[in-house]
Amino acid sequence: MSNSMSDVYQSMAVGDDVQSTLDPDPFTFGVPAHPDQRGNAEQRERLVGIAASLTKMLADNAAEADRNRRVPEPVIDALAEAGLFKLTLPKRYGGHQADVRTIVDVAATLAEGCGSTAWVVTLINTVGIAVGMLPEQTQDEVFGANPEARVAGVFSPRGRSEKVAGGFQVSGEWYYGSGSLHADWVMVGFPLVDDSGETVDFGLGLIPRSDYEIKDTWHVVGMRGSGSNAIVADDVFIPDHRILSVSAAIDGRFPTEFHDETLYHSAFHPAFTLVLTGAQLGMGRAALKHVVEAADKRTIANTIYSRQRDSVGFQLQIADAAALIDTAHLHVYRAAEDIDEAARRGENPSYQLRARLRSDAARAATCVKDALDLLITAHGAGSFAESSPIQRMWRDSNIALRHGTLVPPATREIYGKSLLGYSLDENITKLL
């Protein structure tokens, strides 16, 4: 029996038979991979194993990342050497070109050590998917020139633009640029305007490091190590071939000439939303393990219990937290299977399915946050000591849940409207 949560998850990810998934390890969550996903099993097992080998290093540096509001450079270097910034790099440039399920599982494994570091790895790989959706000319400018290049970004359309010959002049400040401290390029959202200045679409444009600045704005209570500072650009020219039309991408139309590279034909918004749940899953797993392992040594004040583990009340809290974490995995793995399978078939999911996929992601993140609320209460007041890793997981999870693509109340409204027959045009957003 494996004593490593990462090992347990990886054995599930490769689609072992039913008997092997009945391992009594208490930290086994989720479901085995769908049989159709087993073609990626060997790659997933290898990459999750690499991530697991770095988890202790991330945990040892998590407090420093939190304190300094950035991932320490030795950790970034180790992740780069291990190839974990290349999860979504096309194989043509020496990357892994992994599927969405693999990105989630790698992020979850890293988050068992440090949620902020997992977030940085996830966001850089997420923007890498968008770069892979662009034409070969653009990919060559970024990855052909430097296969080690890392691209961060903010997809919210915050910038200002002017249409000029061959592209757009763009200015603005974009919050919040997770991973921007470790990037060579950024991809930012801005309005695509016509010659009269009227907005006709919104685009994501690539800007090289020489053309933007990082503004130190990330002073927050959670995900502090993500260094999600503001990206600032002033009258920068972005050529047309470095711009991804968001409306076209939502419709499943991408400029890339490589139609057999299914990752870069994934459902645009669902894929970019779901991968954000990976860090949440890992933090939930790590927090549960931390509280369970400490239950032999901690008491329940002002009661007869010299060990938390003997209290029925504590047992119920642990069971409820584990069920919530399991529920999160079930939602995420189902959604990942739907996204990856649609990409393999060359299909763009329907509006109703995209609404459910967004709901799956928000529900999963909410379940982990609720589990952490239970766990930090069950563990006791000591949870809030600065030396306790669980308080950092609790802070990080709460911040991650507030990411603009999740927003649980809005996501529930979107899903509810779709179930009640509202059309996409009648819903509160077309960004699905």
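This is a predicted model: local features need pLDDT of at least 70, side-chain atom pairs count only at pLDDT 80 or more; totals for chains, interfaces and linings use all residues.
Trainee: Why is the contact between glutamate 73 and arginine 70 called a salt bridge?

Mentor: The closest N and O atoms of glutamate 73 and arginine 70 are 3.1 Å apart. A salt bridge requires a side-chain nitrogen of Lys or Arg within 4 Å of a carboxyl oxygen of Asp or Glu, so the pair qualifies.

Trainee: What makes glutamate 73 partly exposed?

Mentor: Its relative accessible area is 35%. Partly exposed lies between under 20% for buried and over 50% for exposed, so glutamate 73 belongs there. Arginine 70, at 31%, is therefore also partly exposed.

Trainee: How do you know that arginine 345 and glutamate 341 form a salt bridge?

Mentor: Their N to O distance is 3.5 Å, and the cut-off is within 4 Å, so the term applies. Both residues lie in helix 10 (residues 312-345), four residues apart, about one turn of the helix.

Trainee: What makes lysine 369 and aspartate 373 a salt bridge?

Mentor: The N to O distance is 3.7 Å, which is within 4 Å, so the pair qualifies. Lysine 369 and aspartate 373 are four residues apart in helix 11 (residues 351-379), about one helical turn. Lysine 369 is buried at 17%, while aspartate 373 is partly exposed at 29%.

Trainee: How many salt bridges does this rule give?

Mentor: The count comes to 26.

Key: Residues are numbered from 1 along each chain as its sequence is written. Side-chain values use heavy atoms; hydrogens and water are left out. Buried means under 20% relative accessible area, exposed over 50%, partly exposed in between (1.4 Å probe, protein chains only). Helices (H or I, at least four residues) and strands (E, at least two) are DSSP runs, numbered from the N terminus.
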